[in-house]
Amino acid sequence: MPSASATTALLGIWHDVEDSHVEEYLRWHSFEHLPERLALPGFVSAERHELIEGPGQRFCCFLDVKDREAFRSPDYQVRLDSPTEWTRRLMPRYSRIHRALCEKRWEMGTGLSGVSACIRIASNGDETLRTQLHTICSGLLEQQAIARARLGEIDQGLTNIESEEKRLRRNEDAGGYDLVLLVEGLSVPAMRSTVHSLAAVPMAQKLCHEASIYSLSFSLRSAGQFAPWPASNSRPFDSEWFCHQGRLTY
């Protein structure tokens, strides 16, 4: 299976959760929902982030996907139309929901950092802005100011496909943006500096944009993404998923 860097599509969802259901949401999302998604063809890795500062929703989640055809697959549509009982109980607890199925315009850098900035932009299709963002992120990566960056362009047709899960979430849209820039770094001050650098782009100042800083809460990769453990080593668990909870890797 491909690595995340070989993927050409991205799914993003931003939402709040009722305070009284956050702990149950974290269990459901970590141990049922994301593993369920990564069992689907083409779904490679998943991340959940929690808000540190900014106007964004409390949680944002991103899934790296092989290509946009995975969003059109019968397996994915069946999954969306067949929510589990736990899903039916939790999804109506979402609010301020934005969801976007995207084509990746570009990706640079490697690794998985504990702090990230999510910047959503209404670019009105301006290619100059896309070029400027790529140039700035390339410079920040060369300076080791960031570790990784991904730019997704929202596919409205795919995003707007109806499903039972979408009906459960209610009042969902793409937020009025057409670009999603995800930038990962090594500290909150570094991410603040990155957001400042990107917001200074002349074209970006003329367009609608929203920037928030998040911490990584949980991540998974689908089975088959890592080399087998050597036979001489005792394996401490049976799961084929790689998990990141807080800042510990198991």
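Tutor: Start with Cys118, which counts as buried at 4% relative accessibility. The model is a predicted one.

Student: What makes Cys118 buried?

Tutor: Buried means under 20% relative accessible area. Cys118 has 4%, so Cys118 is buried.

Student: Why does Cys102 count as buried?

Tutor: The cut-off is again under 20%. Cys102 is at 2% relative accessibility, so Cys102 counts as buried.

Student: How do you know that the length of helix 5 agrees with its number of residues?

Tutor: The expected span is 1.5 Å times one less than the number of residues. Helix 5, residues 127-142, has 16 residues, so the span should be 22 Å. The end C-alpha atoms are 23 Å apart, which agrees.

Student: Which residues of helix 5 are buried?

Tutor: Leu129, Arg130, Leu133, Cys137 and Leu140. They cover an arc of only 100° around the axis, which puts them on the same side of helix 5. The face turned away from that buried side carries the exposed residues Thr135 and Glu142.

Student: What is found at the start of helix 5, and what follows the helix?

Tutor: At the start, a side-chain oxygen of Asp126 comes within 3.0 Å of the backbone nitrogen of Thr128. After the helix comes Gln144, with a positive phi near 60°.

Student: What makes the span of helix 1 agree?

Tutor: Helix 1 covers residues 22-38. Its 17 residues should span 24 Å, and the end C-alpha atoms are 22 Å apart, which agrees. Helix 1 also bends by about 45° at His29. The helix is mostly covered, with 14 of its 17 residues buried.

Student: Why is Lys166 called buried?

Tutor: Its relative accessible area is 10%. The limit is under 20%, so Lys166 is buried. Lys166 lies in helix 7, residues 164-169.

Student: What lies 3.2 Å from a polar atom of the Lys166 side chain?

Tutor: The backbone oxygen of Ile161. A polar contact needs N or O atoms within 3.5 Å. Beyond its neighbours within four places in sequence, Lys166 is in contact with Arg99, Thr159, Asn160, Ile161 and Glu172.

Conventions:
Residues numbered from 1 in each chain as written. Predicted model: local features only at pLDDT ≥ 70, side-chain atom pairs only at ≥ 80, totals over all residues. Heavy atoms only, no water. Helix = DSSP H or I, 4+ residues; strand = E, 2+ residues; numbered from the N terminus. Buried < 20%, exposed > 50% of the residue type's maximum accessible area, 1.4 Å probe, protein only. Polar contact = N/O pair within 3.5 Å; in protein donor to acceptor, adjacent residues only side chain to side chain. Contact = heavy atoms within 4.5 Å. Arc of directions from axis to C-beta. Bend = angle between axes of the 7 residues up to and from the residue.
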